[in-house]
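Keep the picture open while you read.

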Protein chains: 2
Amino acid sequence: MFKFSLIKKDTESSARRGELTTSHGAVQTPVFMPVGTQATVKTLSPEDLKSMGAEIILSNTYHLFLRPGHELIRDFGQLHGFMAWDRAVLTDSGGFQVFSLAELRKISEEGVTFQSPVDGGAKHLLTPEYAMEIQEALGADIIMAFDECIPFPATHDYARESVERTQRWARRCKDAKKDTGQALFGIVQGGMYPELRKQSAEGLLDIGFDGYALGGLSVGETKPVMYEMIEASAPLLPSDKPRYLMGVGTPEDLVEGVDRGIDMFDCVMPTRNARNGTFFTSFGRVVIRNAQYERDKQPIDPACGCYTCRTFTRAYIRHLFNANELLALRLGTIHNVYFYLNLMQNVRTSIEQGRFKEFKKEFLEKRETIAN
Amino acid sequence: MFKFSLIKKDTESSARRGELTTSHGAVQTPVFMPVGTQATVKTLSPEDLKSMGAEIILSNTYHLFLRPGHELIRDFGQLHGFMAWDRAVLTDSGGFQVFSLAELRKISEEGVTFQSPVDGGAKHLLTPEYAMEIQEALGADIIMAFDECIPFPATHDYARESVERTQRWARRCKDAKKDTGQALFGIVQGGMYPELRKQSAEGLLDIGFDGYALGGLSVGETKPVMYEMIEASAPLLPSDKPRYLMGVGTPEDLVEGVDRGIDMFDCVMPTRNARNGTFFTSFGRVVIRNAQYERDKQPIDPACGCYTCRTFTRAYIRHLFNANELLALRLGTIHNVYFYLNLMQNVRTSIEQGRFKEFKKEFLEKRETIAN
């Protein structure tokens, strides 16, 4: 079961307020999806995620295929059963990770051959058909077409060839997909060439998907270029289907993405930064190891309502990081993920109330203030 | 405020059912105290501990003195305020850790000079008086006298000298302690010499403490020797004061200790083992990385009621350990600490119901069965 309903369109921007309906509950959009690469959002339990209001998480096909294997996960009630998460899940196709392997992979029309870094260098062939089979076994509510995510920078010739191959692979994904009730999203590629982005989007529309993602962004290009690429394809996508900006980004990126009509985001930034002791707050970033926080009795963000901010001081969190205490990583992750989820809640409310542009302006201004 | 009330004495053993009254709530004994060395029980939040029924935790004076410093902690509402734990706390005296430094420390009548491994090798002098001052700043409900914990094996001459010095230090602790409302426990030493254990206990009784601990055990001696040492001193201690067996031990050790009249225990075994993937269960130990658990759909211990066992399979926990996922460490710790706390709950119930000896027999028999 999958449905996308538009609740409200902003009149001053391309921002949209919507709702995804899945077999594992509703998801309010625009939404940020915490990343649970190996069937766990690092340091967090399902209860932690629920208490923060997460309605959907992302997990990575490539990692789960290698360990513990998709057959095992299917046998344990798919991803939902295996990790005890009864809300919605999206899996990527494995493409992004496979292409990141550089010398360890080889692309052909059939698919990508790669050497596993986990099981003693065994060779695997990932094809569009196999990506569907694996994702069907994992059982996510939303699955992604197998695409090529090209490096940055890339020549126009290579980007065009790749867009065309990704288009043929998208067709094979659609043809191979069984009637599982899972939603299948296509992925717009095209490097940093607006006309290729347009070509890619139009090609995917010909095939027809349950949703459309923008891939290959936030890979080294400047922010204006990223926004230009979004603007080159998002307006072509049907307004009654969800749009997903993959692997992006900072809090500012999310707000800019919503402004340009994006409904879904995922990124490791909040979780990875938390484990380094860098926290997102309403007034900018806090690097908790800094000496200035040694005797600071305030919470990480006085404006935040997360468990960590309701319970602990900056000085205590700093102590945990300095003492290499594992609790630091979870408390920091709780804060950062809450910050992202709460930001999207505020974005949704502002769209509902017809004041998204005003919200965006205030949000960006406030974050220019440096942490005291 | 500190009070110890005996609720029931077992007629077939020295087991006792009691209650400690502290300014931070009541503590039912016999009790196991999870170890929170650096003002955190590794991986667990205060809420985790409360939801498992922990009524008291232990924290380490030595570590907190070095980082973040007892003055800072006092300024943050003492340990309770600093770590957001509003139930009871016991701190050790720092003696055990300082004596473990081997070449880095020097003993004199005044105290122990040691080099800090944290702040660039600065020299510190820990004396009985300073141990009281630090523990008063930390603000635990129960604090410990500064003692010498001798190595194993030790000669009779050295053990006797040390017992006599520890006796003089105990007097200085009692004299130095301010009227803070904290309970002060003396520590029986004496190596593996029953007559020195007796001498140590009698010396401490002359001074008079709020409770009595047995130190320097589980340091390499055999189990029968450890039990002999407990039996050499515990019966001499006043029945209306709590008895605390420091740094012990396995689940079996706890039950054997209760049998010999011990009321309080602490040990890093449940927390440390959890982080290695070794779990205590009602039928013995489970080493979760073993291949036999790869597709095992049972919880770690089907008889366990902890969050981990109510929610996740052995296969999932094993996956988290194999994938080096941080969630593994917390889920494992939740299980092991719950197992220890639940064991003590069962011990207390069995004493109340006059069937402790029967409980002990069944408990030890069941654990001889190997995990399936």
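Is the crossing in which α13(A) passes α14(A) left-handed or right-handed? α13(A) passes α14(A) in a left-handed crossing (the near helix is turned anticlockwise from the far one by less than a right angle; clockwise would be right-handed). Bear in mind that this is a predicted model, where local features need pLDDT of at least 70, side-chain atom pairs count only at pLDDT 80 or more, and totals for chains, interfaces and linings use all residues. Residues are numbered from 1 along each chain as its sequence is written, while chains are lettered from A and ligands numbered from 1 in the order in which they are written.

**α13 and α14 of chain A**
- Helix α13 (residues 314-322) and helix α14 (residues 326-352) of chain A pack at about 130 degrees, with axes 7 Å apart (axes are lines fitted to C-alpha atoms, for helices over the stretch in contact, and angles run from 0 to 180 degrees between N-to-C directions; helices are DSSP runs of H or I, at least four residues, numbered from the N terminus).
- That makes α13(A) oblique to α14(A) (under 35 degrees is roughly parallel, over 145 roughly antiparallel, 65 to 115 roughly perpendicular, the rest oblique).

**α10 and α14 of chain A**
- The axes of helix α10 (residues 251-259) of chain A and α14(A) come within 11 Å and cross at roughly 25 degrees, so the two are roughly parallel to each other.
- This time the crossing of α10(A) past α14(A) is right-handed.

**Where chains A and B meet**
- Chain B and chain A put 30 residues each into the contact (C-beta atoms, placed from the backbone, within 7 Å).
- On the chain B side, α13(B) gives the most, with five residues.

Notes: Contact = placed C-beta atoms within 7 Å.
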